[in-house]
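Please examine the sequence and the structure shown below.

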Amino acid sequence: MTPVRPGPPPAVTVVGIGADGWDGVPDASRAVLRDADVLIGGPRQLDLLPSECPGERITWPSPLRPAIPGLLAAHAGRRIAVLASGDPMFYGIGRVLAEETTALRVLPHPSSVSYAAARLGLPLEEAEVVTLVGRPAARLAAALHDGRRLLVLSADATTPGEVAALLRDRGFGPSRMRVLEQLGGAKERTTAETDAYSWRLPPGDSLNIVAVECRRAPDTLRLGAVPGLPDEAYEHDGQLTKRHVRAATLGALAPAPGELLWDIGGGSGSIAIEWMRTHPSCRAVTVERDPVRAERITRNADRLGVPGLRVVIGAAPAVLTELPPPDAVFVGGGLTAPGLLDACWEALPVGGRLVANTVTLESEALLADAYRRHGGELVRLAVAHAVPVGGFTGWRQAMPVTQWAVEKTLNTLPGDDR
């Protein structure tokens with residue numbers, strides 16, 4: 001049998017390196033680094049390499065991501081080694097490079113998260129990892145649940161103080177905190193455990209992870225992990241999809257990881273916010289014509305841990321042409337705007353969902369017509385609350401909400417007339 005010859009070596013090899021530097025690099029990775037024509041990494045990582053790695057050393061430019069295609073093209077045909085902290089495929093440069101080239105080899109090092117879990121005796125599958133590297137601290141708020149254990153990847157030495165301040169502000173001041181620095185290196189250090197209320201430590205090493213055991217203060221509003229947060233969780237001016245209707249609406253929208261929602265007529269932003277809270281990769285764009293409400297939506301998003309919510313100020317359907325294609329659309333306001341429902345329907349791909357709510361007869365007529373043409377479900381949601389009636393208790397009925405929910409299928413293509 002003729003032996004199969006190995007193919008050409010990968011164009012790029014990514015080598016993980018830890019705080020222990022060259023001493024912690026295994027032999028296979030050392031061989032790659034010694035043999036590389038080009039060595040690319042951050043200044044700190046490149047400084048960890050000894051002189052026995054003679055390749056041309058290149059520091060990542062800024063901004064990094066748009067420069068990568070040109071950088072790889074400039075050194076095509078040469079042996080390129082890229083240095084990464086820990087595991088390159090865990091919030092690392094490996095993901096970006098994998099999007100640029102299929103000729104990629106990755107030699108990982110234990111991640112700082114793995115080290116932290118080992119030091120804390122924490123089963124890694126029981127911890128939630130939240131990265132604040134290049135991301136606002138506000139996104140941590142979505143992960144705060146009583147008893148939950150978090151490992152927070154810090155942007156720099158100031159991150160632990162920001163985490164403590166956010167915990168206090170969100171009603172989680174009793175949460176227990178530790179900071180683990182330079183994990184796996186000669187300067188490794190773990191701070192004494194304290195609560196967020198008492199956190200007074202000055203900034204330490206920039207290479208750190210914050211371990212948090214979440215504890216909610218007794219008087220803090222409870223925010224669950226499923227849609228239907230208390231109405232009190234939102235700052236609003238009355239334009240708010242109420243809790244029980246909101247839960248039903250999110251159920252009809254059926255968010256899935258990575259999907260994008262258009263929330264039209266944002267009001268307080270509650271639908272988009274709770275869509276994004278269902279999974280860290282869920283995205284949303286809220287369209288709101290009132291600038292005051294738009295600012296309020298942004299504050300609500302920050303407060304509830306989804307600062308990535310995009311708020312577009314303008315009137316639909318005019319502004320919809322500027323938005324990326326949605327996986328789902330919610331219309332909570334402006335249904336009577338000419339052409340709005342048709343524009344939303346046209347924008348949806350097959351498999352996309354459209355949900356529209358209304359309390360007015362005029363908009364209800366539009367939804368009935370859309371239901372006739374495209375099918376789906378047309379339901380009326382009625383909620384009553386118990387209130388005092390003299391010395392007794394009775395029911396107070398909220399305005400009923402008419403909801404149309406439909407999934408776009410091959411049998412419900414634009415222009416169908418049932």
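The points below are grouped by topic.

This is a predicted model, in which local features need pLDDT of at least 70, side-chain atom pairs count only at pLDDT 80 or more, and totals for chains, interfaces and linings use all residues. Residues are numbered from 1 along each chain as its sequence is written, and side-chain values use heavy atoms, with hydrogens and water left out.

**Asn 208**
- Asn 208 lies in strand 11, residues 208-213 (strands are DSSP runs of E, at least two residues, and helices are runs of H or I, at least four, numbered from the N terminus).
- Asn 208 counts as buried because its relative accessibility is 7% (buried means under 20% relative accessible area, with a 1.4 Å probe and protein chains only).
- A polar atom of the Asn 208 side chain lies 3.0 Å from the backbone oxygen of Asp 205.

**Largest pocket**
- The lining of the largest pocket comprises 23 nonpolar, 16 polar and nine charged residues (Ala, Val, Leu, Ile, Met, Phe, Trp, Tyr, Cys and Pro count as nonpolar, Asp, Glu, Lys and Arg as charged, and the others, Gly among them, as polar).
- Helix 4 contributes the most to this lining, with four residues.
- Strand 11 and strand 8 (176-181) are among the elements that each supply at least two residues of the lining.

**Second largest pocket**
- Helix 7 provides the largest share of the lining of the second largest pocket, three residues.
- The lining of the second largest pocket divides into 18 nonpolar, 19 polar and eight charged residues.

Notes:
Buried means under 20% relative accessible area, exposed over 50%, partly exposed in between (1.4 Å probe, protein chains only). A polar contact is a pair of N or O atoms within 3.5 Å; within protein, one must be able to donate a hydrogen and the other to accept it, and residues adjacent in sequence count only if both atoms are side-chain atoms.
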